[in-house]
Amino acid sequence: MTRDEQGPADVPGTEAAPPPVIVLVQPQLGQNIGKAARAMLNFGLTEMRLVAPRDGWPNPDAGPAASGADIVLANATVFDSVADAVADCSDVYATTVRKRGVTKPVLTPDAAARTIHAAPGRSAILFGPERSGLDSDDVAAARYIVTVPINPEFGSLNLAQAVILIAYEWSKGESLASPPRVDLDPPAPQAELDGMIAQLEDMLEPAGYYHPPERAVVTRRTLRTLLTKPAWNSNEVRTLRGVFRTLARPRQR
């Protein structure tokens, strides 16, 4: 990682930095605005600012695409220029694949997220139009460039994908809900396992499974090792024994 990629040192402040503002510059489709709102809210970001949206605002196509991220759309504000949209922000980040001839510190999304968390003021992250991305003047207004390491043969991210990458990296420094933990059933008592193994052995003996006889002891031991290894719970033992009972029944013709 280069010096530019590392970003400023992470110096903890006395207060947590406010969440960054997501600024969509000249977004073209209402669906994409809605999808970006959905990406934001998934990772705890709620403030969206729109700069000269092509089809105006509000846009009826945004709501369905947001899939319930209504609070983001309801509070979205519209500005005529990037300068107006970021006027109250102390740090501005421009997301772009290329530097576009502007010399700025270049950060990866994770480095940008750390810098945002360490900054004392509010940060804004700029995302450009779907077809062309940010122009050089918009990039020039930013203090940092954020570039996603991407396949050089296919550098194509849509707007929502770009937003979700940045939002996810920022969310790592937040206390968001983890996936729900599902408690596993306790392992079955040994007596239940012994009963299952005995049932199976009673089925295998008349079928000639333990052949040749001189290998029977080793075969039984291997079978027991196999059946005790997974730590079956009681429900699984009952299920498997039901399978054995079904297999032992004479077939109806």
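The expected span of a helix is 1.5 Å times one less than its number of residues. In the predicted model described here, helix H11 covers residues 234-248.

The buried residues of H11 are Ser 234, Val 237, Gly 242 and Phe 244. These residues lie on the same side of H11, because the arc they cover around the axis is only 160°. An α-helix has 3.6 residues a turn, so residues three or four places apart point the same way. Helix H9 (190-204) is included in what covers the buried residues of H11. At the N-terminal end, H11 is capped by Asn 233, which places a side-chain oxygen 3.1 Å from the backbone nitrogen of Asn 235.

The sheet was examined next. An open sheet is formed by 7 strands with parallel pairing, in the order E3-E2-E1-E6-E4-E7-E5. Its edges are strand E3 (77-79) and strand E5 (106-107); each has a single partner strand, so one side of each is left without a neighbour in the sheet.

Strand E1 (residues 21-25) has E2 and E6 beside it in the strand order. E1 and strand E6 (residues 123-127) run parallel and are joined by 4 bridges. In this pairing, Val 23 is found opposite Leu 126 of E6. E1 is also joined by 4 bridges to strand E2 (residues 48-51), again in a parallel arrangement. Here Ile 22 stands opposite Met 48, and Leu 24 stands opposite Leu 50.

In a regular strand the side chains alternate between the two faces of the sheet. In E1, Val 21, Val 23 and Val 25 are on one side, while Ile 22 and Leu 24 are on the other. Since 5 of the 5 residues of E1 are buried, the strand is largely enclosed by the rest of the structure. Buried here denotes a relative accessible area under 20%.

As to the confidence of the prediction, the average pLDDT of the protein is 86, and 89% of the residues score at least 70. Residues 1-14 have a pLDDT below 50; this stretch has 21 contacts in the model beyond near neighbours in sequence.

Definitions and conventions. Residues are numbered from 1 along each chain as its sequence is written. This is a predicted model: local features need pLDDT of at least 70, side-chain atom pairs count only at pLDDT 80 or more; totals for chains, interfaces and linings use all residues. Side-chain values use heavy atoms; hydrogens and water are left out. Helices (H or I, at least four residues) and strands (E, at least two) are DSSP runs, numbered from the N terminus. Buried means under 20% relative accessible area, exposed over 50%, partly exposed in between (1.4 Å probe, protein chains only). The arc is that of the directions from the helix axis to the C-beta atoms. Contact means heavy atoms within 4.5 Å. A polar contact is a pair of N or O atoms within 3.5 Å; within protein, one must be able to donate a hydrogen and the other to accept it, and residues adjacent in sequence count only if both atoms are side-chain atoms. pLDDT is the predictor's confidence in each residue, from 0 to 100. Two strands pair if DSSP finds at least two bridges between them.
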